[in-house]
Amino acid sequence: KDLAIFVGENTQYYLPKFKEMKTSGRTTINWSAFLLEFLFLIYRKMYLAAALVFIITNLISFGFTMLITSGSVLEATPQMVSMITMMTYGVSLASRFAVGFLFNRLYMNHCLKKIKALKTAHSDQNDYYAGLTKSGSVSRKAIIIICCIYLALSFIATYAMILFMPV
């Protein structure tokens, strides 16, 4: 019951998956996590995991870019650009598979850890259930904020590239 309250939306998917993982140890891919990657982690309020996935994926992609172009985008040949693109897509795909395959187990552990912490923090039953509802479920607000920040940064980056691009 506590787990269902904490999960909130889509308990009909997660509770059987959690039970299957507990009994058989098998994990299946979560296609939403695969497709949306760090955004899905944010949606399910797994903020630290989302930040780690975002930072690691982007640092590796940035590292490939810097390694191949030797720090100068102007010296990049079409072959280098193609190789950078392929490697970046490869990192992105590997990251998506990792998040997709690991998500259900990570989410189950996240839920159980949060529920245990809430039980110890709240002696009053009403406070405990209010905490389950508030700490669990999903965060649409966080997704909207992240998307707005992403759009703003994209516009700024595009403007900066146009402004500083040699003619």
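User: Is Asn10 buried, partly exposed or exposed?
Analyst: Asn10 is partly exposed, with a relative accessible area of 36%. Buried means under 20% relative accessible area, exposed over 50%, and partly exposed in between, with a 1.4 Å probe and protein chains only. This is a predicted model, in which local features need pLDDT of at least 70 and side-chain atom pairs count only at pLDDT 80 or more, while totals for chains, interfaces and linings use all residues. Residues are numbered from 1 along each chain as its sequence is written, and side-chain values use heavy atoms, with hydrogens and water left out.

User: Where does Asn10 lie?
Analyst: Asn10 belongs to the loop between H1 and H2. Helices here are DSSP runs of H or I with at least four residues, numbered from the N terminus. Asn10 has a positive phi of about 70 degrees, although it is not a glycine.

User: Which residue just after H2 takes a positive phi?
Analyst: That is Gly25, with a phi of about 80 degrees.

User: And what about phi of Glu37?
Analyst: Phi of Glu37 is near 45 degrees, a positive value in a residue other than glycine. Glu37 is found in the loop between helix H3 (31-36) and H4, and at 7% relative accessibility it counts as buried.

User: Back to H2: how many residues has it, and how far does it reach?
Analyst: Helix H2 covers residues 11-24, which is 14 residues, and reaches 19 Å from its first C-alpha to its last. That is close to the 20 Å expected at 1.5 Å a residue, the expected span being 1.5 Å times one less than the number of residues.

User: Which residues of H2 are buried?
Analyst: Tyr14, Lys17, Phe18 and Met21 are buried in H2. Seen down the axis of H2, the buried residues fall within an arc of 100 degrees, so they line one face of the helix. The arc is that of the directions from the helix axis to the C-beta atoms.

User: Why would spacing along a helix matter for that?
Analyst: An α-helix has 3.6 residues a turn, so residues three or four places apart point the same way.

User: What covers the buried residues of H2, and what is on the face turned away?
Analyst: The cover includes helix H1 (2-7), helix H4 (38-43) and helix H6 (78-121). The face turned away from the buried side carries the exposed residues Gln12, Lys19 and Thr23.

User: Changing topic, how do the axes of H6 and H7 cross?
Analyst: The axes of H6 and H7 come within 9 Å and cross at roughly 150 degrees. The axes are lines fitted to C-alpha atoms, for helices over the stretch in contact, and angles run from 0 to 180 degrees between N-to-C directions. H6 and H7 are therefore roughly antiparallel to each other, a term for angles over 145 degrees.

User: Which residues meet there?
Analyst: Ile115, Leu118 and Lys119 in H6 meet Tyr128, Gly131, Leu132 and Ser135 in H7. Contact means heavy atoms within 4.5 Å.

User: What does His110 touch?
Analyst: Not counting residues up to four places away in sequence, His110 touches Phe6, Arg44, Lys45 and Met46. His110 is found in helix H6 and is buried, with a relative accessible area of 15%.

User: Where is Ser137, and what is it in contact with?
Analyst: Ser137 lies in the loop between helix H7 (125-135) and helix H8 (140-164). Leaving aside neighbours within four places in sequence, the contacts of Ser137 include Phe6, Arg44, Lys45 and Tyr107.

Note on methods
Helix = DSSP H or I, 4+ residues; strand = E, 2+ residues; numbered from the N terminus. Parallel < 35°, antiparallel > 145°, perpendicular 65-115°, else oblique.
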